[in-house]
Each structure stands twice: as C-alpha cells, then as structure tokens.
Amino acid sequence: MPWREKLLCWFGPSLFAGISSGDWWALLRENRLAVDPPYWLRAAIISGGSLSNALLRRLEDWLYSARISATQIQPPLFVLGIWRSGTTHLHNLLAVDRRFATPNWYQVSYPHTFLTTEGIYSKALGVLMPRQRMQDNMRFGLELPAEEEMALCILTRYSPMLGWVFPRNADRYNRYVSLRGVPETEIMAWKAALLGLVRKLTYKYQQPLLLKSPSHTARIRLLLELFPDARFVHIHRHPYAVIRSTRHTVRRFHEFLSLQRTTLDADEWSISQYRNVYEAFFAERDLIPPGRFYEVRYDKLDTDPLTTIRDIYSALGLPDFSTVESKLRSYLASQANYQKNRHEELDSETKVRIAHECPRCFDEWGYER
C-alpha cells in the first residue's frame with residue numbers, strides 16, 4: 001500500500017472531514033457510541049476536526065448566507081447510474097466542458113466551509129491525498145470532480161454511505177438510497193440540504209451545475225420536485241460486471257471508512273442495493289419530461305466516447321458541442337494508458353440470483369443472463 005494510502009487508512013477522517021461537532025455527536029449517539037477499538041484513533045481525529053468545522057461553519061454562514069439565499073439556480077444536469085457502471089468516467093467527460101460547473105472533492109468533503117477554507121487548505125491537504133482512487137486506478141485529487149453524496153452525508157446524516165462506516169446499522173442507512181419509507185421530516189431535511197448545496201455551488205461558480213450521485217438514480221421524483229427543468233443522462237452496464245466491481249469496492253471502502261469491525265456482506269449489499277435502486281428508477285423514470293432524459297450503454301461510451309458524448313449533447317439540447325470537442329479529444333488522449341481493474345468472476349449461483357431479482361435490467365437493455 002503506498003504511503004499516502006497508509007496515511008489515509010490510519011489517520012483519515014472516514015467520510016467526515018467536514019462534519020461539524022453537533023452532527024458528529026448526533027451520529028455517534030444514534031449508533032450508541034459503537035466505535036470498535038481499532039478505530040478509536042480515527043474517531044478521535046474526526047472529533048477534533050468537527051470542533052474547528054463548527055466554528056468555521058458559523059463564520060461562513062455569517063459571511064455568505066444572505067448572498068447564497070439570493071442566488072438563482074440554473075437547471076442542473078444529473079448523471080444517473082448505479083455504482084461501478086461508468087458514472088465517474090461519464091461525469092469526467094462531461095466536466096471537460098467548462099460551461100458547466102461541478103463540485104470537487106474538497107467541496108463535497110467540506111460542504112459547510114469550502115467558500116472560506118478551500119483556498120487555504122486544499123493544496124496543503126492535497127499533498128497528503130492518494131494519487132489514485134482506493135477502489136480502482138482512476139486519478140484522484142481534491143480539485144477533481146466529485147459526487148455530492150458525501151456532502152449530503154455530512155449535511156444530513158441521511159445517506160447509504162453511512163452503512164459502510166457503521167455496518168452493524170447498515171439496514172437503517174440503506175433506506176436513504178431512495179428515501180422511500182423514511183419519515184417526511186427526514187425527506188424535507190434532505191431536500192433542503194441538497195437545495196442549499198446546489199445554491200451554494202451556484203453562488204460560487206455562477207454556472208449551471210453538473211451533478212452526479214449513484215443514489216440519485218433512485219430519487220428522480222425528489223430531484224424533479226426540487227429542479228423541475230433538470231436534465232438527466234443515465235448510464236448502464238451489464239449487471240454481472242457491476243456486481244463484480246461493487247463488491248470489490250465495498251471491501252476496499254471498509255479499510256478506509258469503517259468505525260466498526262465489518263459485519264457487512266459485500267455480495268448481499270451489492271445485489272440488494274442494485275435491486276432497490278433500479279426498482280425505484282424504473283418506477284420514476286417516466287416522470288422526466290420528453291427531451292430531458294438520455295440513456296447510454298457503458299460499452300458504447302468505452303469504445304466510442306466522442307460519439308457518445310456528442311449524442312448526449314444533441315439529445316438533451318446542451319450547448320454547442322463543437323466548442324468543447326477539441327478539449328474532449330485532449331482529455332481522452334490523456335487517459336489512453338488507463339488500466340481497468342480485473343475482478344474475480346461471479347459463481348453461477350450468484351448470477352442466477354441477480355438475474356432472478358433484477359430481470360428488467362437484463363430485458364430492458366438486452367444483456368445476456
């Protein structure tokens with residue numbers, strides 16, 4: 001393990017670099033302070049950071065809250081798709097177009113304070129960060145595009161990501177994938193947090209936002225309630241490939257994120273989340289108005305990314321593609337040596353279960369069982 005990964009594993013703050021003290025202690029209370037001894041140092045580091053975050057949060061609110069509240073939001077473009085289906089690759093390709101703004105890793109890690117602290121701390125912290133993502137070989141850096149789910153985790157404590165941190169309470173947090181069946185007060189708090197985050201990012205960039213969270217794939221109705229003019233692009237991949245990659249990711253995340261010895265079954269989590277996300281997706285997809293939804297296959301994006309992105313621009317009525325085409329070609333050339341992970345094959349019993357529990361994902365997109 002490279003030294004930066006070791007540093008993050010031993011001293012990293014899990015998902016909570018930017019959490020404030022009140023929310024951190026509330027999270028500990030709802031998990032009955034159940035932090036296992038190997039992770040006490042991790043919890044202590046989070047606790048210390050949460051105190052300074054609370055002070056800086058008050059400062060940022062005092063400085064910017066009025067201006068943020070007055071900011072008008074432009075309709076976002078959402079990238080949808082389950083974990084490990086190619087959402088990050090698609091997100092990065094679309095983010096080449098600087099007519100869109102996308103949150104970076106620093107901003108989603110410090111959602112309360114990035115307006116006042118990013119310029120001071122981002123480069124210094126970046127020196128200590130791994131150069132590749134922990135679950136694959138994709139480039140990592142605090143300045144790179146990131147998904148807003150981490151910010152929502154910090155802002156609300158209503159995120160399925162918390163099941164990786166507190167695996168003994170994973171059933172509680174898995175409900176927040178789609179937010180179906182959770183109390184209305186929690187749904188309203190989640191919507192307020194997302195709206196506030198989008199408004200804050202819009203204030204910073206003064207541009208329409210490009211947003212991505214795999215869990216949003218199951219939240220189309222809620223997203224449309226907040227952003228009725230939003231556009232959506234959905235990427236799908238063969239279910240077997242998704243599950244193979246997801247279970248590897250879950251195992252890797254435990255090393256860096258968990259505060260409890262794992263009791264999380266990676267296969268069970270991967271399959272159940274896949275099923276739950278796409279049950280909600282198919283139930284809500286048709287709520288999106290015509291001309292605001294487009295769907296792509298991962299294998300097409302992988303083999304012909306330029307044509308795929310051009311088709312997205314055309315289908316969704318995005319700004320003139322020709323102005324970004326040369327930048328996109330340069331970005332693709334920079335990724336030419338990227339090596340994908342190789343994962344162990346699924347056994348026949350697991351394949352049968354996936355096909356049985358998620359049949360529409362095979363039938364809708366023409367994937368072989």
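These questions and answers go through helix packing, cores and backbone in a predicted model.

Me: Which residues of α12 and α17 meet?
Reply: From α12 come P239, Y240 and I243. From α17 come K351, I354 and A355.

Me: How do the residues of this contact of α12 with α17 divide by class?
Reply: There are 5 nonpolar residues, no polar ones and 1 charged. Lys counts as charged, and K351 is among the residues in the contact.

Me: Why is α7 called oblique to α10?
Reply: α7 (residues 149-156) and α10 (residues 184-205) pack at about 125 degrees. Roughly perpendicular ends at 115, and roughly antiparallel needs over 145. The value falls into the remaining class, and therefore α7 is oblique to α10. Their axes lie 10 Å apart. Here too the crossing is right-handed.

Me: What makes the contact between α7 and α10?
Reply: α7 supplies A151, L152, L155 and T156. α10 supplies A189, W190, A193, L194 and L197. By class, that contact has 8 nonpolar residues, 1 polar and no charged.

Me: Why does R32 count as exposed?
Reply: The cut-off for exposed is over 50%. R32 has 77% relative accessibility, so R32 counts as exposed. R32 sits in the loop between α2 (21-30) and α3 (40-69). Its phi is positive, about 55 degrees, although R32 is not a glycine.

Me: What makes L33 exposed?
Reply: Exposed again needs over 50%. L33 has 55% relative accessibility and therefore counts as exposed. L33 is also in the loop between α2 and α3. Its phi is positive at about 55 degrees, and L33 is not a glycine.

Me: Which residues have the most contacts inside the largest nonpolar core?
Reply: They are F16, W24, L259, Y274 and Y278. The core has 92 residues. Helix α13 (residues 266-284) gives the largest share, 9 residues.

Me: What does L259 touch beyond its neighbours within four places in sequence?
Reply: L259 is in contact with W24, A34, V35, D36, Y39, R42, A43, I46, V165 and F166. Contact here requires heavy atoms within 4.5 Å.

Me: What is in the second, separate core?
Reply: This core has 24 residues, including Y313, V324, L328 and Y331. Members of a core must be buried and joined through side-chain atoms within 4.5 Å.

Notes
Residues numbered from 1 in each chain as written. Predicted model: local features only at pLDDT ≥ 70, side-chain atom pairs only at ≥ 80, totals over all residues. Heavy atoms only, no water. Helix = DSSP H or I, 4+ residues; strand = E, 2+ residues; numbered from the N terminus. Buried < 20%, exposed > 50% of the residue type's maximum accessible area, 1.4 Å probe, protein only. Axes fitted to C-alpha atoms, helices over the stretch in contact; angles between N-to-C directions. Parallel < 35°, antiparallel > 145°, perpendicular 65-115°, else oblique. Left-handed = near helix turned anticlockwise from the far one by under 90°.
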